[in-house]
Amino acid sequence: MTIVHPQQPVNNMNPEDVFYAIDDLGTQTGYAFILYQLQPGLYPDCPVNMYFSIEGDPGSRYLLFGALVARARQLQNVNPQLRARLYTSLNPQDSQGREFYLHNGFDLEESDAIVALQIPFGDGRIPMSCAVAAVPLNTWEEQQNLLSRLQMNEITYLDRNTLVEMMHLPHFIALGLYRNAGLIGEVIMAGQGEQAELVAIYIEPSSRHQGMAKALLHRTMAIMAAEGVTQVSARVMTRSLPQMHLMNDFGALQVGVNVLFPGMYLS
């Protein structure tokens, strides 16, 4: 069995980041890829995160895994001064997957978790020289501009169709936080009945670590509470210290796990 690369890019991935396992008869028995991600806002303690995926029979998986680790070591040299982590995703019920990654030196400390948040009392104090206002989303351009701003702040999981669907829910709010008329952060929350979910929140880099996200989220939850919402949830990456610090400010209680992210640090 051998490992080969494609001749052309695959789904916008460089050929050297895509791997095929081929048996002695020339039949493909496995497939893998690796994605290099620079995420200083989400993971300031480890800005470089390399996501990989493997598919194939057991023999192919082990061979592909070795090739992926070797490629990750090469990619680490892109920014050798930054701490790097190699990780993948796993169904929490996949016991064989757990065993495979634990055997190969990965930890299972990170997950995409669901947390319940406590709605605080009062409207929340907005910092001096700051104001909140609804984000305009009446046109296609305004919706795309919001999505672009989210992506610039490492929030990449939303698309326009999902945004439009949320806008039609009974509870929907998109607020901008402005300092001296300049936009420094945004939040999206949506839901129905007594329940709402924190969909996204960011503060632009130069305004972080000043309590801005806490103030913005407090005000948003107060508005939702006035609409009858009594339960607020959020999905968080448990390894992200900024996300967890903000969630803990609102008494976060983990109530579920969507995905595990087995990983290991390379530096």
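Trainee: Are Y87 and F261 buried or exposed?

Mentor: The model is a predicted one, and the assignment is computed from its atoms. In this model Y87 and F261 share one assignment, and that assignment is buried.

Trainee: What is the geometry of the ring pair of Y87 and F261?

Mentor: The ring centres of Y87 and F261 lie 6.0 Å apart. Planes over 60 degrees apart count as edge-to-face. The planes of Y87 and F261 stand at 70°, so the pair is edge-to-face.

Trainee: How many residues apart in sequence are the parts that the pair of Y87 and F261 ties together?

Mentor: Y87 belongs to strand 5 (residues 84–87). F261 sits in the loop between strand 12 (253–260) and strand 13 (263–265). The pair therefore ties together parts whose separation in sequence is 174 residues.

Trainee: Which residues do ring pairs link into a cluster with Y87 and F261?

Mentor: The structure holds 13 aromatic pairs. Ring pairs join Y87 and F261 into a cluster with Y20, Y31, F33 and Y51.

Trainee: Why does D112 count as buried?

Mentor: D112 is found in strand 6 (residues 111–117). Leaving aside residues up to four places away in sequence, D112 touches R235, V236, M237, V257, N258, V259 and F261. Buried means under 20% relative accessible area. D112 counts as buried because its relative accessible area is 9%.

Trainee: How far apart are the ring centres of F52 and F65?

Mentor: F52 is in strand 4 (residues 48–56) and F65 is in helix 1, 13 residues apart, and their pair links distant parts of the chain. F52 is buried at 0% relative accessibility, and F65 is buried with a relative accessible area of 8%. The two rings form an edge-to-face pair with 65° between the planes, and the centre-to-centre distance is 6.3 Å.

Trainee: Which residues make the contact of helix 1 and helix 2?

Mentor: The crossing of these two helices is right-handed. Helix 1 contributes R61, Y62 and F65, and helix 2 contributes F100, Y101 and H103. By class, the contact of helix 1 with helix 2 has one charged, one polar and four nonpolar residues.

Trainee: What is the orientation of helix 3 and helix 4 to each other?

Mentor: Helix 3 (residues 140–152) and helix 4 (residues 160–167) pack with their axes 10 Å apart, at an angle of about 110°. Helix 3 passes helix 4 in a right-handed crossing. The two helices are therefore roughly perpendicular.

Trainee: Into which classes do the residues of the contact of helix 3 with helix 4 divide?

Mentor: The contact is made by W140, Q143, Q144, L146 and L147 of helix 3, together with R160, L163, V164 and M167 of helix 4. These residues divide into one charged, two polar and six nonpolar.

Trainee: How far apart in space are T27 and I54, C-alpha to C-alpha?

Mentor: T27 is placed in the loop between strand 2 (18–22) and strand 3 (28–38), and T27 counts as partly exposed at 41% relative accessibility. T27 and I54 are 27 residues apart in sequence, and their C-alpha to C-alpha distance is 17 Å.

Methods
Residues numbered from 1 in each chain as written. Predicted model: local features only at pLDDT ≥ 70, side-chain atom pairs only at ≥ 80, totals over all residues. Heavy atoms only, no water. Helix = DSSP H or I, 4+ residues; strand = E, 2+ residues; numbered from the N terminus. Buried < 20%, exposed > 50% of the residue type's maximum accessible area, 1.4 Å probe, protein only. Contact = heavy atoms within 4.5 Å. Left-handed = near helix turned anticlockwise from the far one by under 90°. Nonpolar A, V, L, I, M, F, W, Y, C, P; charged D, E, K, R; others polar. Phe/Tyr/Trp six-rings, centres within 6.5 Å; stacked < 30°, edge-to-face > 60°. Axes fitted to C-alpha atoms, helices over the stretch in contact; angles between N-to-C directions. Parallel < 35°, antiparallel > 145°, perpendicular 65-115°, else oblique.
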